[in-house]
Every structure is written in structure tokens, then in C-alpha cells.
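Subject: Handover of a structure and notes on its contents

Dear colleague,

Please find below the structure I am passing to you for your own work. My notes on it follow directly after.

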Amino acid sequence: MTPSNEALANLLTEDRDFPPDPAFTEQANGTQELFAEADADRDAFWAKQARERITWSKDFDTVLDWSNAPFAQWFVGGELNAAYNCVDRHVEAGNGDRVAIHFVGEPGDTRDITYAELLTEVKKAANVLTSLGVNKGDRVAIYMPMLPETIVAMLACARIGAPHSVIFGGFSSDAIRSRVADADARVVITADGQNRRGKPAPLKAAVDEAVTGDSPVEHVLVVKRTGQDVAWDDQRDIWWDEALSKADAEHEAVPVDSEHPLFILYTSGTTGKPKGILHTTGGYLTQAAYTNSVVHDLHPESDVYWCTADVGWVTGHSYIVYGPMANGATQVMYEGTPDTPDQGRWWDIVQKYKVSILYTAPTAIRTYMKWGKEIPEKYDLTSLRLLGSVGEPINPEAWVWYREVIGGGKTPVVDTWWQTETGAIMISALPGVTTLKPGSAQAAIPGISVKVVDDAGQPVQKGQGGYLIIDQPWPSMLRGIWGDDERYKETYWSRWPDIYFAGDGAKLDDDGNIWVLGRVDDVMNVSGHRLSTTEIESSLVSHPKVAEAAVVGATDETTGQAVCAFVILRGDAQQEDGEDLVTELRNHVAKQISPIAKPRQVMIVAELPKTRSGKIMRRLLRDVAEHREVGDVTTLADSSVMDLIQQGMDDDKK
């Protein structure tokens, strides 16, 4: 149910704004004219983006076929190859010597790979896959760390028209097994291991367990990364480097139809059959390249770009592989964690490679807030000219800290809203055009139609809240759930006819800016008042002593639900008296929002339960708040965090 307007009257507001710097505007890829152009003729706008940003082996004749909604077809009749667009054409244009990837390994090893070198590797890998019987349309599973070989594997699949299914390197053997089975993948590409926090961690072992018994997998290609001993099946397992060393270095990219499947990406879930989100080639590649250009303001001839996401998630697909490489970017790829070997690792990389565009998650920003500004202040970050945020709504205070401390008080910060299902950025400020408002996703980008609607599907007025929906098809939209058309229609298109809704609530502020409030499921009902967890978390993070907060609603006999907050303090506040600070924080929320939103309890913790991609697992905190047995913790980066939180909660009860 949508949050009531009464509760939303108190929701996120922000008086600070940051107009564009004229010097930035002068060189920006995004312009005000793009909005008018897209509004005048959406189809013509997207046709122009497709033809100017992508090389087609056969031109399309129809921009959009929406006659079989909700199954869209974009750039109908066109043929292209994603790998050719990401590598070959840059080499053919004379940019083969441009560095494609500055790779930084966690132990400190580095590699600089040019587009010409990358092309050779992709061609060899494509020939290896073909020799293993992989043909156009066959699926390949990839279970890899953050290595250049992971990108090579993805592009090699695209080169031969074999859809890839990248499985995040932190998932269990059961998760691998279910995804491999659902996609019917015959080949898995993995590594012997990966480096995590100063020591090698196994990877191939999980694949070995996943492909036992009744598995479609015939071959496992293994990249040597850590050198650790691995079990070996001579009939199935093949060393990647040995296979590539024998492969032909010539390969012609296979043209595919615009609607040919490019990849399947499974959304992480703890129950039920995995949900394989299907993306196709032409529309996805067009919107990934377009958004990387106008939202990240990428200038490939001069920028060094760094998206800190893992390739195992959609952010890595769209904004490490396909978007930046279609644009010919030079980018950083880092294997490890932000605190290995020390908490300055990221900023050392920015300084060394003169990174100019940084795209990361709010959870990383809040972690650095917790560690203190003294760490980034030791490094020269003046090369940075644009900062981006992705993954969840960013709290206004974290936004401002990001701009001031990391961006030197001058860089635009673009907070982007999109999903695995949307394929590419949908809502964001346009740097150089938009007056920035901390904490707000701002507005739909040119060519995209997003609205906030009420229960009846009608647009709400400014100052009101409701459901975030997309009411016009977009090029990078998902084309279905792999093998389950009915589930696709029921999950995303059943609430209102031909309207896409994936579960997020949002508010329009008085200026018409969109504030994403998170999942509708995360709206609490406290004494009949509907409150957003995002709103209360932002209030807590606005307190000068708080670095990060997670809020859940717990069952309460009196109020129906009660607000329970878990907070991490900034470094200089961690020695303060706990009880006094808890009272201070509870009162702070009551004053900022309403006494109704005052947390029933505030627990100060050292860390929050997060997946390896940085998502806070609020369901586990809800288990703790309601004194239930804590659920599955296998996807957490550090499962011991929940033991400490549970112990702290038990101590509070004594």
C-alpha cells in the first residue's frame, strides 16, 4: 500500500541545492536540448542514439514494436554484435593503443591492457568456446572474480552470440547449480580462487560441487589466479591460459538480431526458483552507452573512469563492460576490498591512475564517513571531476560528505536510480544541466518516462508520495524472465495495464524532484501512520555522530509496528556514553520527522549485515528486532556480524 499523504508531508525535504558550474556545463555531454528532443519524438530520439552510438552491420527499419506488450522489440530488423562495438571498432578507428583496463589486483599486482590487446584475447576466447561446442544461442555460465579475464569471457560470449549468465563470485554451490540448470549452460568459466582481504579464497570448489550429478555442464574453463591446489577432472576441466595459448588469434564477430539474447542475470533471492532477467542486444547496448555518456559525462579521450561494482551484478554489466567499452573508455578494475591492505586503498588508486569519474554505492560512501575524512585527505583526489552513486537511495548527508570530502567541494554528484530489470540508468541528474539536490534521484533522463502514482495509477501532485512506475517502454528494458513469460507478466505488469512496477515507493517534492523511498515492503505502519525506512535512516545519518543506519519495522502490541534502528557511529563518536547517545538519537528523529517516527530502540553496532555487493540485509535485522532465529546468512560478506548484533541485543535485554 502506498504511504499516506499525511505521513509523506513530513518526508525527505532538502533546502540545499547546487547549481551547475558553467565551466562544467560548457563541456558536458548532456544538454537541456536532449529533453526537448526526446519529448518531441521519442522514437526518433532513440533511433538517433542507436545510430550515433552503435555500429550496426544491418540497419534497423522499425524503432519500436510494442504490439505484443509487455514484450517489446527495439530496433527491429537491425543486426549488430556487442563485442565488435565494445572492442573491434575502437581498434579499427586507430585507438588500439588506448588503455582499456588498468587492472589492480588486491595483492598489488597490476596490468594495463590496451584495446588491441583486449581484442586479441577476446578473439582467442571466442575460438576456444567454439571449439568446445558453444554455438550461437547456447548459454555459458561465468563464476569469476574481478579480473580482466571476466570481461574477456563476457565479450567472447557476445562475440559468438552465446548469452552469458554471470554468477556473482560470492554465491554458494547451490546458487550456482540452480542458475546453471535454469539456463541449461553447457560450459562454466571460473577461476581457481580469488584474493579476499589478504588471503586466497576458493572458487572452483563451489563449481565442482555445483556440477556434480545431473548437470548440463560439459566443460569447465579455469583461470589461474591464486595458484592454490584445485580438484581436477581431465574429462571436463580445462586451464584457460593453456586453451587460449593454442587458439587462433583471428575471429570474425557474429552479427545477431537486435533482439538476440545478450545475457541472463539472476536476481538474488533466498527462496523459490531463481529469476533470470533476460536482456537482448541492440536496445540494451544503446541505452548503456547513452547513459554512460550523458549521466557519467564520459569523455573517452581524456577521462579515467572507475565503477567500483562487481561484474557479477547488473551495475558491473552495464557500467564496467558494455556501456564504457562501447564508448571506448579507459577504466580502472580493482579485485579487492576498500580496506585491503588499508583503508586508503581506493584513494591511492584514484591518485595513482588520476581517476576522473567515480561511480560507487552509498554503503561505501557511508563506510568511508565512518572511517573519517582524515583518510582520503591524505591523497591527491583533484583529478576527480564527477562522482556517482548507485544501488540504493543516498542519504543527503552522505551525498554532501561525498561531494565535499571526495569531490573537493566542486564535483557534481549524480545519484542514479535503475534496476537489474531496467538494464540501464532511468532516473538521474544530468551533470551540467540539473541543479543538484542532495538525496534526490531528481528526474527521469531524456527519453525515459517515469511517474509517481497513487493506488489508482494516477499521477500524484507535488509534495505527495506513491508508487514509482514506468509508463513507456525503454530500449534497455528486460525482455522477460528466462523460460517463464507468465511470471514476467505477473511480477512486473499485473498491477496496472501496460505499466511497469517493480516495487519501489517514491515522493515528488515541491520542485518536482523524485525521492526514491525504497521498496514498498519497507514502509512501516506505526499507529496507522505510514513511514519510510529510508526517511528515518536519512534522519539518523544527518546526525553528526552517525555514519550509517539501518531501520526496520518490528511487530509491536501497542502500535502495530515499531521503529527499530541499528546505527554505526563515526570514528570520533565511538567512545561516547551509549545510553545518552541513544536518547539523543531517538529525540533527533522525533524532532526532524515526527514523534511518531521516534525509534522504539536504537542499537549501536560496529557493522551492519551486508552482502558482498554492499546491500544491507534488513530481513536479518528484522529477525533480531523481533527476537526470532536469524535466517540464512550465506550471502553476507561477513556472517559473524549477525552473531555480534544478536549478542548485543541479548545484552540489552538483560
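I begin with E404, which is partly exposed because its relative accessible area is 41%; buried means under 20% relative accessible area, exposed over 50%, and partly exposed in between, with a 1.4 Å probe and protein chains only. This is a predicted model, in which local features need pLDDT of at least 70, side-chain atom pairs count only at pLDDT 80 or more, and totals for chains, interfaces and linings use all residues. Residues are numbered from 1 along each chain as its sequence is written, and side-chain values use heavy atoms, with hydrogens and water left out.

Salt bridges

E404 forms a salt bridge with R403, and their closest N and O atoms are 3.1 Å apart. The term denotes a side-chain nitrogen of Lys or Arg within 4 Å of a carboxyl oxygen of Asp or Glu. R403 counts as buried, since its relative accessibility is 12%. By this rule the count comes to 34 salt bridges.

A second pair is D303 and R385, with closest N and O atoms 2.7 Å apart. Helices (H or I, at least four residues) and strands (E, at least two) are DSSP runs, numbered from the N terminus. Both D303 and R385 are buried.

K437 and D511 also form a salt bridge, the closest N and O atoms being 3.6 Å apart. Because K437 sits in the loop between strand 20 (413-415) and strand 21 (450-453) and D511 in the loop between strand 24 (504-508) and strand 25 (514-519), the pair ties together parts that are 74 residues apart in sequence. K437 is buried, at 7% relative accessible area, whereas D511 is exposed, at 54%.

A buried asparagine

N85 belongs to helix 5 (residues 82-95) and is buried, with a relative accessible area of 0%. The N85 side chain reaches the backbone nitrogen of T55 at 2.7 Å. Contact means heavy atoms within 4.5 Å. Apart from neighbours within four places in sequence, N85 is in contact with I54, T55, L80, H90, L285, M325 and A326.

Helices and their packing

The axes of helix 6 (residues 115-131) and helix 7 (residues 148-160) come within 8 Å and cross at roughly 60°. Here axes are lines fitted to C-alpha atoms, for helices over the stretch in contact, and angles run from 0 to 180 degrees between N-to-C directions. Residues making this contact include L118, L119 and V122 of helix 6 and V152, L155 and A156 of helix 7.

H251 lies in the loop between helix 10 (240-246) and strand 13 (256-257) and is buried, with a relative accessible area of 15%. Not counting residues up to four places away in sequence, H251 touches K123, A126, N127, T130, R159 and I160. The C-alpha atoms of H251 and I160 are separated by 9.4 Å, although the two residues are 91 residues apart along the chain.

Helix 18 (residues 578-592) has 15 residues and should span 21 Å at 1.5 Å a residue, which agrees with the 21 Å between its end C-alpha atoms; the expected span is 1.5 Å times one less than the number of residues. Its buried residues are L581, V582, L585, H588, V589 and A590. They pack against helix 17 (533-541), strand 28 (546-556), strand 29 (560-569) and strand 30 (601-604).

Backbone geometry

Most residues other than glycine have a negative phi, and most peptide bonds are trans. The peptide bond from A69 to P70 is cis, with omega near 10°, and P70 lies in the loop between strand 1 (62-65) and strand 2 (73-76). Another cis peptide bond joins T340 and P341, with omega about 5°.

R197 has a positive phi near 50° and lies in the loop between strand 9 (193-196) and strand 10 (199-202). Q442 has a positive phi of about 85°; Q442 is placed in the loop between strand 20 and strand 21 and counts as buried at 2% relative accessibility.

With kind regards

Technical notes:
Polar contact = N/O pair within 3.5 Å; in protein donor to acceptor, adjacent residues only side chain to side chain.
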